[in-house]
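Subject: Structure handover

Hi,

Here is the structure you asked for. My notes follow below it.

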Amino acid sequence: MQIKEKLKIKNSYKHIIRNIAGRGVWFILSFVLSFSSVVGGSCPFAISLITVSSKKNFLFSAIGAGIGYIVFCDSDDAIRYFSAVIISALGTLAINLFNSRKEIYLPMLVSFLSVMSTGIVMNIKNSDVAGAYALTIGESILALGASFFFFRAAHCNLKRLKYKALPITDTTCLIVSAAVVLAGLSFLEIKGVSPARIAAVLVILIAIRFGSQTWGLIIALCLGFALGISRENSMFLLGAYAFSALVSSLFTSISSLGIGISFSLSMVFFSVAANMGSFSICCVIESVIGGIIMVILPEVITDKISDFFESGADIAPDGSLRQSLVVRLRFASSALAQVSESVRDVREKINELGRIEPMESELRMVAADQFFSISDMLGDLAFEFDDAEIFDFKSAGKIRRMLGEYDIYPENISVIVDKFDRMRIEILASSKTNGLDSPKIKNEIEKICGRDFEKSRTNYSGSNVMLTIIEKPNFKMSFGFAQYCAEGKLCGDTVKTINDTRGHMIFIISDGMGKGGRAALDGAMGAGLLSKLLSAGFGFDSSLKVVNSALLVKSSEESLATLDCACVDLFTGKCEFFKAGAPRSYVVKNHSVSKCELSSMPAGILRGIEFAKRTTVLNVGDEIIMMSDGITDIGEELLDDFLKYDDSDGPSDRAQDILDFAVAHSDARHRDDMSVIVAKLIPNKH
């Protein structure tokens, strides 16, 4: 207990220290910004910082700014800016009380009005000319703009910056905000040499050396502009820093020394051209010192800097075709591994009943068939990617940045729009990732893409997880099923339903040969393997070949299973029936019953069997009824008459009624296992 109490006290102290440090940072920043001025003496930046401060920090920002303005400004300006501090603090308090911190325009409005109102009052008091009023308006606009940059910088997640998930706009706002603070410190000089400008040169050189030419140039422009407007006749720093960064980036392949020397030589050229006397000499000295510091940085520091810039570099471009193909093939490979594992498990169970020698010649022929099956599977994948009309890189990038807000950093994001304008999103991440399937994430994705999506689905494969989100289709299926076991507790029929990642609802009934355990094994194997392959994205024909081969090789005894499938496109209502030895199915439209009866062979008897197929289109309220031969054996006419009438409460009751009717009208001595699926097409509310 004493240890727990000590830890509790220690954590409490840490929490207090963190809070004090956080408030201290806001106090110091506002104090520094109070004397961060532009040409003309305007210094509204501390006012802007107050307006973007949180409920816990705005008072400390106001105190820091108030003290800074009193210490560093003339009496009139001190009164004016102190009044603006009070107005902005009251406005920020009102914003916090109404809990509207996330509205960026409110801090901008408060800072604008604070600076504008106090400035106009001073203009009237001093009987200023029109030019002074224009200066007040310009200063107010500057305060408004600074609030925008500070707000975006204060609300960005620095961890997202590390993982390349921070929007370029937020990154720029962060750089501009830091540049304004640095410009405020640039007035602290040692014989004309400013440590702040040395730090600016060092940051630019580090960005070029360890980051990229692009970031080096962006940082140089931001720092050059902020430092250039902070004093008279120093705007040449904007062009000097930018051009020097561009020149030094040409020497990134040489060494840190080459970058530093080239930057310093370029600064010499600009300083001579600017002809600013001692200030030009100081700028050269500052660039030389900055270059020397970068060259002599310890390895432990450069390694950390390098790691920061290189983090996330191995992430492939979002939505790239290559990466998406790799992801899908990886999961397809996993599905095939599961098929092989299932066959092995079944084989071992059969061997437990008695050692059975395989027929070598038949096995060789079946093995040869597998090459064709694999070829068909790859063809299915190629067809699917052919349907992918567009990879939406823009939306993928927005989703990555959004996920960064939740500290989720996926390996790949693919936003795929097919030729029918249906969107599918696939997100590959580590299996240790938490919160990826959160409803909040789905809602954010819907806002980004401007579409409604179904509930996300996850698929695990080894150390990875793939989240798939499909656009919400126009329809959905209300379905139910019922089963009857003719012998013992094991039913020879297996029922499977699949809602795949492409807007299809698939229903499967597999009927194993005979009754009891052996039939249940065959039925479960047929339906199980087929459902796994279809879920992995393979087509019906190629999947049937694999299932057929698996049933052929699992035992030397006769082993077969019928396969009855219905695939409904939930966007259009198109329904495809696939039958391998399965009995007839029914389509009910406005109490009118039509049969779907196709001649075909069950899986597990001969090599090279194929599905028999038929297509129809369902409208809202239409039903499909699928059943095993245990039900159809009661007689076609009797069953047809019963299906015309429906007084059930829903598909589940309807399926049970059909099953009860079949049991009541069948011979108890010759009853087979019975299964029935009833599925109705209904609207999918958005």
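Helix H9 covers residues 195–211, 17 residues in total. From first C-alpha to last it reaches 23 Å, close to the 24 Å expected at 1.5 Å a residue. The expected span is 1.5 Å times one less than the number of residues. Helices here are DSSP runs of H or I with at least four residues, strands are E runs of at least two, and both are numbered from the N terminus. Twelve of the 17 residues of H9 are buried, so the helix is largely enclosed by the rest of the structure. Buried means under 20% relative accessible area, exposed over 50%, and partly exposed in between, with a 1.4 Å probe and protein chains only. Among the buried ones are Arg197, Ile204 and Phe210.

A word on the source: this is a predicted model, in which local features need pLDDT of at least 70, side-chain atom pairs count only at pLDDT 80 or more, and totals for chains, interfaces and linings use all residues. Residues are numbered from 1 along each chain as its sequence is written, and side-chain values use heavy atoms, with hydrogens and water left out.

Helix H2 (residues 45–52) is also largely enclosed by the rest of the structure, because eight of its eight residues are buried. They include Phe45, Ser48 and Thr51.

Glu139 sits in helix H6 (residues 130–154). Its relative accessibility is 5%, so Glu139 counts as buried. What is Glu139 in contact with, leaving aside neighbours within four places in sequence? The list is Ser42, Cys43, Pro44, Arg80, Tyr81 and Val115. Contact means heavy atoms within 4.5 Å.

Next, a helix pair. The axes of H17 (residues 393–405) and H18 (residues 439–449) come within 10 Å and cross at roughly 145 degrees. Axes are lines fitted to C-alpha atoms, for helices over the stretch in contact, and angles run from 0 to 180 degrees between N-to-C directions. H17 brings Ser395, Lys398, Ile399, Met402 and Leu403 to the contact. H18 brings Ile441, Glu444, Ile445, Ile448 and Cys449.

Now the strands. Two strands pair if DSSP finds at least two bridges between them. Strand E3 (residues 423–430) has seven of its eight residues buried, so it is largely enclosed by the rest of the structure. E3 pairs with strand E2 (residues 412–418) in the antiparallel sense, over six bridges. Within that pairing, Ile425 of E3 is the bridge partner of Val415. The hairpin of E2 and E3 has four residues between the strands, and Asp421 takes a positive phi near 65 degrees there. E3 also runs antiparallel to strand E5 (residues 464–470), joined by seven bridges. Leu428 stands opposite Met466 in E5.

There is also an open sheet of five strands, in the order E7-E8-E9-E10-E13, with antiparallel pairing. Its edge strands are E7 (493–499) and E13 (612–617), and each pairs on one side only. Neighbouring strands are turned by 15 degrees against each other on average, direction ignored. E7 and E8 (residues 504–512) are joined by seven bridges. Asp511 in E8 is the bridge partner of Asp493.

H19 (residues 516–535) touches E7, E8 and E9 (561–569), and its direction makes about 160 degrees with that of E8. H20 (residues 540–553) touches E8, E9, E10 (574–580) and E13, and its direction makes about 160 degrees with that of E9.

Best wishes
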